[in-house]
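Before reading on, take a moment with the sequence and the fold, and follow the chain slowly from one end to the other.

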Amino acid sequence: MGLTEYRALLIHCDEVLVDRDSGVWAALQPLLDSRGGHPDKEQVLAEYSEVLRALYPRFGELGFSGLLCFAHRQLAECWGLKASWEEGMSFARSVANWSLFEDAPGAMLYLRKFYRLLVQGDRDVEDRALLCERLGIMPDDFISLASDPLQDQDWLKANGLEAEDILQVTRPSAGRRLAANVCLISRARENKPSPCAADYCINSMADLVAQHQLSLRR
């Protein structure tokens, strides 16, 4: 399908719209200062992702903030450090301050003229309203990663959509099985799959806007 034929975009929140890695790196600085040395950013973020992934089976019990708090504590233990629960919660609450990528607000403003915009991610209830406001979407259009709207026939019917009407806009590292109707955004160009492993492989939300504009001219 061409870009102009889709009716909705299902956009992965972190690392597509929200600069999660920069937010996590900044929030880990007090712990890294205690660790000392010159830690490699990519290695630290890889360790964080691995710890968080191992904790995900407890998402229903802990919630998103709880997962981040436990991840902070486990990282400290892995590095031979002690961290208080207050420090862990401070790290977890930093999610509210994670910044959007520079191109995200303008891209969302443009794309919502042509599509219904759905954003999929993990956030506690108290953080969703502000994030939705920043992204220019309705709270009902923020969907938990625990849900799969493309497989939920009741949700699709209630929203007047078919699965093939929706283009998934995600990142190569999202860890999901790629099917049809997928656009991969690789903001780190070295991570861009070659050859393209999806219907579209681009570098940013701004590039998605540019591709849509080209499609309109054809």
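The model is predicted, with local features needing pLDDT of at least 70 and side-chain atom pairs counting only at pLDDT 80 or more, while totals for chains, interfaces and linings use all residues. Residues are numbered from 1 along each chain as its sequence is written, and side-chain values use heavy atoms, with hydrogens and water left out.

β2 also pairs with β1, to which 5 bridges join it, again in a parallel arrangement, and here Leu10 stands opposite Leu118 in β2. Strands (E, at least two residues) and helices (H or I, at least four) are DSSP runs numbered from the N terminus. β2 is mostly covered, with 5 of its 6 residues buried, where buried means under 20% relative accessible area, exposed over 50%, and partly exposed in between, using a 1.4 Å probe and protein chains only.

Which residues are buried in helix α6 (residues 104–111)? They are Ala104, Ala107, Met108, Tyr110 and Leu111, and they lie on the same side of α6 because they cover an arc of only 165° around the axis, the arc being that of the directions from the helix axis to the C-beta atoms. What covers these buried residues includes β1 (8–12), β2 (116–121), α7 (125–135) and α9 (205–217).

We can turn now to empty space. Rolling a probe the size of a water molecule over the atoms shows where such space is left. On a 1 Å grid over the protein atoms alone, a cavity is a set of points where a 1.4 Å probe fits but cannot get out, whereas a pocket is an open set with protein on both sides within 12 Å along at least five of seven lines, and lining residues have an atom within 4 Å of a point.

The structure holds 1 cavity of 30 Å³ or more, and the largest cavity has a volume of about 80 Å³. Among the residues lining this cavity are Val18, Trp98, Arg123 and Asp127.

The second largest pocket holds about 180 Å³ of space. Its lining includes Ala26, Pro30, His72 and Phe91, and α1 (20–27), α2 (29–35) and α5 (85–93) each supply at least two of the lining residues.

Notes
Grid points are joined across faces, edges and corners, and a volume is the space filled by probe spheres set on the points. Contact means heavy atoms within 4.5 Å. Two strands pair if DSSP finds at least two bridges between them.
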